[in-house]
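Please keep the sequence and the coordinates at hand while reading.

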Amino acid sequence: MLAVQGASAADARLPVVASFSILGDIVANIGGDRIVVTTLVGPDQDAHVFQPAPDHIKSVARARLVVVNGLGFEGWMERVTQSANYRGDIVVASQGIAVRDRVEEEHDHDSHDGHDHHHGKNDPHAWQNPANIVIYTQNIVAALSKLDPAGAALYRKNGDAYIASLNELDRWAIQQFAQFPPAKRKVITSHDAFEYFGAHYQVRFLAPQGVSTESEPSAKEVAGLIRQIRKEKIRAVFIENMSSPKLLQQISKEAGVTLGGKLYADALSQADGPAPTYLKLMRYNIGQLLAQMKLN
Amino acid sequence: MMLLHDFYQFAIAPFQEFAFMRRALVATLALALSSAPLGVMLTLRRMSLFGEALSHAVLPGVAAGFIFFGLSLPALSIGGFLAGVIVVALAGWISRHTELKEDASLAAVYVVALALGVIMISGHGTQLDLLHILFGNVLGVDTEGLLLVAGVSSLSVLLMAGLYRGLLLESFDPSFLAAGGGRNTVYQQLFLMLVVLNLVASFQTLGTLMAVGLMMLPAVSARLWHDTLPAQLANSAVQAALAGYAGLMLSYYASVPSGPVIIVCAGGFYFLSLIFAPRGWLPRILRRPHLRA
């Protein structure tokens with residue numbers, strides 16, 4: 001305890017823990033120089049399979065504030081705060097947004113029972129809609145101000161600036177998507193993270209039939225996917241996490257589509273990647289989607 | 001007429017509609033033609049487990065090919081082939097110059113090779129991903145892979161025909177050719193090279209599980225059906241081809257992963273052979289001793 005106080009005396013900044021990289025970026029934008037953000041699930045890492053390491057527990061134990069997304073996204077958080085004996089506040093950033101349910105995949109195929117819906121009923125991927133991040137920002141501003149009243153003015157100012165750039169992003173995105181008639185706003189992706197995004201920008205995200213897990217696909221699944229792409233006449237196809245890249249090449253060749261690049265769903269990229277911040281991530285994803293939709 | 005149409009719809013239409021089904025079938029058939037007979041020769045020489053061992057031995061070569069040349073089929077295949085050949089040669093050399101038998105030295109060398117391969121791979125990304133990337137999937141066979149399999153298959157069948165007499169004599173009496181000028185090592189080495197070549201080709205196109213399975217399962221069950229080697233060789237190739245076709249159909253209609261289900265089909269044929277083949281269980285029970293000299 002003494003050591004921790006000594007450390008915080010030398011470094012007057014508030015130690016704050018954010019559960020995953022996107023949230024960490026948002027918190028850092030609001031807190032500015034008054035806080036130090038530690039992110040548990042780092043860039044390019046998958047929050048679904050996160051394994052807490054001793055370092056993570058340590059940073060939670062030292063934290064004055066923990067920020068989580070909520071909606072069942074961080075199922076492991078309770079264990080971490082318990083191990084760290086953390087007694088401080090836990091801010092649920094998504095508090096107050098319009099929660100969407102997880103989409104049940106509604107197509108008529110029977111090959112789908114193997115799916116693993118580990119989040120429960122709510123869809124946690126609310127950050128894919130920038131309008132939700134406005135609410136995230138307000139929640140985080142409030143929590144930081146409560147913890148550190150001296151910095152309240154700064155948090156408010158930073159928060160307002162961030163909200164302004166969120167609104168600008170949103171306007172830009174709406175404008176961009178408006179170029180396409182709704183019928184062309186169709187994308188096949190193996191990600192299940194774009195429900196909020198799709199609802200906000202009226203883009204239909206279709207799950208690739210069958211082929212969505214990392215296990216070995218069957219001929220039926222591959223055939224189903226090719227038929228789906230042909231039938232829906234969709235050229236915007238984003239599938240990455242399939243077991244064999246060779247198989248992916250064959251599918252795109254046979255269905256006559258060019259596969260889109262990576263979409264960042266649950267994590268930022270590394271600093272030298274295309275999506276090192278939330279705002280850049282959204283612009284990058286939208287750019288990728290638009291480029292593929294042009295082919296539809 | 002209706003029946004014919006139904007049959008066409010069921011058995012042929014999937015291959016007409018989808019190129020990936022055609023490629024998978026052609027690759028499997030080509031491999032059946034060369035791998036399964038090689039498997040028969042392996043069992044004949046009591047080397048049934050060599051295939052399994054060699055399939056692991058190619059890993060460091062594949063890994064080296066990937067590290068230096070990236071994802072190029074020729075580099076991966078040549079790397080794997082060289083690693084397999086080196087392991088075979090090393091094991092052969094050890095068995096000639098020490099007390100160890102060939103299978104013992106192979107068992108030692110291939111494990112080391114496998115370990116080296118795992119180390120090399122783990123230096124580049126996660127192990128699991130790379131294993132998936134480095135080895136193919138029967139549904140993802142591309143033109144390059146098809147050419148590789150066809151080439152290897154043709155070469156193997158031709159070479160096997162050329163080596164047939166020598167291999168046969170040697171198989172039934174290892175000391176025969178040894179006494180006749182020490183050519184046994186040449187036959188043995190050439191033969192094992194063919195095995196490695198086939199394993200590498202099927203690794204690259206069909207995936208890890210398929211390689212050994214398609215080589216050994218039809219081979220051991222073919223041996224239950226016939227007394228003569230030519231008949232066994234033909235039977236093994238037919239069984240492998242049937243397993244390939246049946247497996248693809250099952251994968252298409254019942255939605256199960258293709259590679260494993262092809263092997264399970266081969267396993268099914270093996271099980272049936274165990275029971276019903278002339279040298280299997282049932283005829284043995286039914287057969288009265290005096291009916292057969």
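In this predicted model, strand 2 of chain A, which spans residues 35-41, is mostly covered, since 5 of its 7 residues are buried. Its pairing partner is strand 1 of chain A (residues 14-20), and the two are joined in the parallel sense over 6 bridges. Within that pairing, A:Val17 stands opposite A:Thr38, the latter being part of strand 2 of chain A. Such pairing of strands in a sheet takes place through backbone hydrogen bonds, in either a parallel or an antiparallel arrangement.

The loop that connects strand 2 and helix 3 of chain A holds A:Asp44, whose phi is near 60°, a positive value in a residue other than glycine. A:Asp44 has 14 other C-beta atoms within 10 Å and is therefore partly exposed. A second residue with a backbone angle of this kind is A:Gln202, which has a positive phi of about 50° although it is not a glycine. A:Gln202 is found in the loop between helix 7 (195-201) and strand 6 of chain A. Is A:Gln202 buried or exposed? With 12 other C-beta atoms within 10 Å, A:Gln202 is exposed, because a residue with 12 or fewer such atoms is placed in that class.

Strand 5 of chain A, covering residues 186-189, runs parallel to strand 7 of chain A and is joined to it by 2 bridges; here A:Thr189 stands opposite A:Phe238 of strand 7 of chain A.

Taken as a whole, chain A contains 10 helices and 7 strands. Of its 296 residues, 42% count as buried, and among its contacts between residues at least 6 apart in sequence, 64% join residues at least 24 apart. Chain B, by contrast, has 14 helices and 0 strands. Of the 293 residues of chain B, 46% count as buried, while 71% of the contacts in chain B between residues at least 6 apart in sequence join residues at least 24 apart.

The packing of helices can be followed in one pair from each chain. Two packed helices are described by the angle between their axes and the distance between the axes.

| Helix pair | Axes come within | Crossing angle |
|---|---|---|
| Helix 3 (residues 54-62) and helix 4 (residues 77-84) of chain A | 8 Å | roughly 70° |
| Helix 4 (residues 59-69) and helix 5 (residues 73-97) of chain B | 6 Å | roughly 145° |

Helix 3 of chain A contributes A:His56, A:Ile57, A:Val60 and A:Ala61 to the contact, and helix 4 of chain A contributes A:Val80, A:Thr81, A:Ser83 and A:Ala84. By class, the residues of this contact between helix 3 and helix 4 of chain A are 5 nonpolar, 3 polar and no charged.

In chain B, the crossing of helix 4 and helix 5 is likewise right-handed. On the side of helix 4 of chain B, the residues that meet helix 5 of chain B include B:Pro60, B:Gly61, B:Val62 and B:Phe66, and those on the side of helix 5 include B:Ala75, B:Leu76, B:Gly79 and B:Phe81. The contact of helix 4 with helix 5 of chain B has 11 nonpolar, 5 polar and no charged residues.

Elsewhere in chain B, helix 8 (residues 143-172) holds B:Leu169, which has 15 C-beta neighbours inside 10 Å and therefore counts as partly exposed. The C-alpha atoms of B:Leu169 and B:Glu52 are separated by 25 Å, the two residues being 117 residues apart along the chain.

Finally, where do the chains meet? Contact between them involves 18 residues of chain A and 20 residues of chain B. On the side of chain A that touches chain B, the elements giving two or more residues are helix 8 (219-232) and helix 9 (245-255) of chain A. That side of chain A has 7 nonpolar, 6 polar and 5 charged residues.

Technical notes. Residues numbered from 1 in each chain as written. Chains lettered and ligands numbered in written order. Predicted model: local features only at pLDDT ≥ 70, side-chain atom pairs only at ≥ 80, totals over all residues. Contact = placed C-beta atoms within 7 Å. Helix = DSSP H or I, 4+ residues; strand = E, 2+ residues; numbered from the N terminus. Nonpolar A, V, L, I, M, F, W, Y, C, P; charged D, E, K, R; others polar. Buried ≥ 20, exposed ≤ 12 C-beta atoms within 10 Å, placed from the backbone. Pairing = 2+ DSSP bridges. Axes fitted to C-alpha atoms, helices over the stretch in contact; angles between N-to-C directions. Left-handed = near helix turned anticlockwise from the far one by under 90°.
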